[in-house]
Amino acid sequence: MTKTALVIGASRTLGLAVATELHRRGWHVIGTVRGERHTGLHDLAADRLEVEQLEMTDEQQIHALGDRLAGRSLDLLFVNAGIAHDNIGVGEVTTESFTEVMVTNALGPLRVVETLGPLVTETGTIAVMSSRQGSLTMNTNGGHEVYRASKSALNQLMRSYAARAAGARTLLLISPGWVRTDLGGPGALLEIDESVPGVVDTVEARAGEKGLHFVDHQNQVLPW
Ligand code: NDP
């Protein structure tokens, strides 16, 4: 039977590549973009593809998407969307910038998980794009303080969700590696096609494993 995935933030770079890879592997993909502009997602073959709209920081839009998808059954909810601002320390960051990163990377994904998680089958998977930078243990060098804090907050919120609401579902926090994207920058170690097939392999390999797992694109467990 064809499996269905909802990919949040599928307009470009990693999210588009995840949607494309799932589609290539035979999944029915619902991908979200912001606004009405044409994106790479629209260029995928029209069979097994639906394009939806979501600005993830807008609570009303999350609920509206939930209403539009009511009655649907998802095998995978993959929350990819995220942002990083300039690499400035917490002593200099504006409250506005700090808040935007936190709301986008931590609150937004969890609102999506809370609202759309019930559409995921009892043994389906909810995956959220995290980062090695969200690991407290691995933070020995500092840098990217606000981004790190937002991904740590994301991980913490997912642990609470796992303790409270996961049921038999598989919950994944995935680090894609450091990838050359708009966010990762030109100096990153990996091309998108060196990361995303491994991300999707990891999602497929972990399917059916109950509980929360913090893993990378090579399915290696990362320390909290
Ligand atoms: P990009 O900046 O290249 O792309 C970000 C994607 O998220 C775009 O599709 C963008 O949509 C979407 N997005 C951003 N904010 C929102 C929002 N408020 N609502 C809806 N969609 C939004 O980032 P990457 O592809 O590099 O990163 C994707 C994910 O991977 C992020 O969560 C990031 O933190 C994580 N990650 C990336 C790493 C890397 O090295 N690249 C390393 C570790 C983690 P739009 O086109 O509309 O702007």
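Here's a quick briefing on the β-sheet of this chain, with strand S5 as the way in. Keep in mind that the model is predicted. The sheet is open and built from 7 strands, in the order S3-S2-S1-S4-S5-S6-S7, with parallel pairing. At its edges stand strand S3 (49-53) and strand S7 (211-216), each with a single partner strand, so one side of each has no neighbour in the sheet. From one strand to the next, the twist averages 20°.

**The S4 side**
- Strand S4 (residues 74-79) runs parallel to S5, and the two pair over 5 bridges.
- If you want a residue pair to look at here, leucine 77 has isoleucine 126 of S5 as its bridge partner.
- To get from S4 to S5, the chain goes through helix H3 (residues 95-116), making a right-handed β-α-β crossover.

**The S6 side**
- S5 is also joined to strand S6 (residues 170-175), again by 5 bridges and in the parallel sense.
- Here valine 128 finds its bridge partner in leucine 173 of S6.
- The path from S5 to S6 takes the chain through helix H4 (residues 145-165), and this β-α-β crossover is right-handed.

**A helix across the sheet**
- Helix H5 (residues 192-206) lies across three strands, namely S4, S6 and S7.
- Relative to S6, helix H5 runs at about 160°.

How values were computed. Residues numbered from 1 in each chain as written. Predicted model: local features only at pLDDT ≥ 70, side-chain atom pairs only at ≥ 80, totals over all residues. Heavy atoms only, no water. Pairing = 2+ DSSP bridges. Helix = DSSP H or I, 4+ residues; strand = E, 2+ residues; numbered from the N terminus. Right-handed = clockwise from strand over helix to strand, strands pointing away. Axes fitted to C-alpha atoms, helices over the stretch in contact; angles between N-to-C directions. Contact = heavy atoms within 4.5 Å.
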